[in-house]
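Subject: Structure handover

Hi,

Here is the structure I said I would pass on.

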Amino acid sequence: MLGAAGKAARRLARAGIKLRRVIVTAATEKKYNAGVLLFYIWLAQYGLALPDCYVDLDLILCDFIQHSWEEGEVRGYVGNALSGVSHFLPDVRGHLKSAWRLYGAWQRMELPARAPPMPEAVLFGVAGHCVRKGAYAMGVCLLVFFHCFIRTGELLALTVDQIVVTASEGVISLPNTKSGQRTGALEAVSITSDVVAVWLGFWTKVRRKQAGNFAKLWPGTAAEFRRLFKALMQHFHLEEWEFQPYSLRRGGATAFFRETGSMERTLARGRWGTSRVARIYI
């Protein structure tokens, strides 16, 4: 147990909270140590003492989560802090309900990892390479992903019957989205790029001939999409940037905001409820 975790454990132990040994892997314990250390540093920065009862510990962890959210902290680190507290102090399990509920709300609102936004020039270079090599499915999906900045799951579930497109514009219906389920509304996103419209029109016709009106735009599995995406990043020697598929949503939103200068229009197109959430992506 590292210093910060050890101090936390000893202090709560003195308050009557019993400790039990819970076996985890060395890698997991290292993550837990780092998370607890992050929490302990936060306490020190704000001159706060470690609470000596369950209720106060739960409340102060809620403050820590709220602070981390507002400061743009990596969500996984905060999760490690919560798990670390429960690991090193097993008797607090079941007593941190408010903290775990707040963390769960964060999970539902934000992407699991802060994938960096992909620049527009990189997107067109990678998509163009796919088209030249005849990998039309990947090239078109990358274009749609970026231009419409839809979610990864929405892209992989998209079928050709949800797409109406002409030579210069179009619209994609998104019937089963996270925000749509909350509001009960059918969501859609417009296509305003000639390049995207032309290639999407071409590929939807191909897919319709191959598998009918309900054919998926991406014909493979989610794992295959991610493997090909990773291979493309390696081909262009972009590994150090740590781009992930979600980088396309973030990159598309960032490019749209720069082009329009309008947070309101970006919010509407990305289907975010508040600008605070949108700023995490842009």
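Tryptophan 199 is partly exposed, with 28% relative accessible area (buried is under 20%, exposed over 50%, partly exposed in between, using a 1.4 Å probe and protein chains only). Before I go on: this is a predicted model, where local features need pLDDT of at least 70 and side-chain atom pairs count only at pLDDT 80 or more, while totals for chains, interfaces and linings use all residues. Residues are numbered from 1 along each chain as its sequence is written, and side-chain values use heavy atoms, with hydrogens and water left out.

Back to the rings. The planes of tryptophan 199 and phenylalanine 202 stand at 90 degrees with centres 5.7 Å apart, so this pair is edge-to-face. My rule for rings of Phe, Tyr and Trp (its six-membered ring) is that they pair if their centres lie within 6.5 Å; planes under 30 degrees apart are stacked, over 60 edge-to-face, and the rest tilted. Phenylalanine 202 is partly exposed too, at 35%. Helices (H or I, at least four residues) and strands (E, at least two) are DSSP runs, numbered from the N terminus.

The model has 11 aromatic pairs by that rule. One of them is stacked: tyrosine 136 with tryptophan 199, at 6.0 Å centre to centre and 20 degrees between the planes. Tyrosine 136 is in helix H7 (residues 136-148) and tryptophan 199 in H10 (residues 194-211), so the pair ties together parts 63 residues apart in sequence. Tyrosine 136 is partly exposed, at 28% relative accessibility. Elsewhere, ring pairs link Phe39, Trp42 and Phe64 into a cluster.

H10 itself has 18 residues, and its end C-alpha atoms are 26 Å apart, in agreement with the 26 Å it should span at 1.5 Å a residue (the expected span is 1.5 Å times one less than the number of residues). Its buried residues are Val196, Ala197, Leu200, Gly201, Trp203, Thr204 and Arg207. Their cover includes H7 and the strands E1 (163-165), E2 (170-174) and E3 (187-191).

H7 also packs against helix H6 (residues 120-132): the axes come within 7 Å and cross at roughly 160 degrees. Axes here are lines fitted to C-alpha atoms, for helices over the stretch in contact, with angles from 0 to 180 degrees between N-to-C directions. That makes H6 and H7 roughly antiparallel (over 145 degrees; under 35 is roughly parallel, 65 to 115 roughly perpendicular, the rest oblique). On the H6 side the contacts (heavy atoms within 4.5 Å) involve residues including Leu123, Phe124 and Val126, which meet H7 residues, among them Tyr136, Leu142 and Phe146.

Leaving aside neighbours within four places in sequence, methionine 233 touches Met118, Val126, Leu238, Glu239 and Phe243. Phe243 is 10 residues from methionine 233 in sequence, and their C-alpha atoms are 7.5 Å apart.

Last, helix H12 (residues 246-260): its 15 residues reach 22 Å from first C-alpha to last, close to the expected 21 Å. Just after H12, glycine 261 takes a positive phi of about 70 degrees.

Cheers
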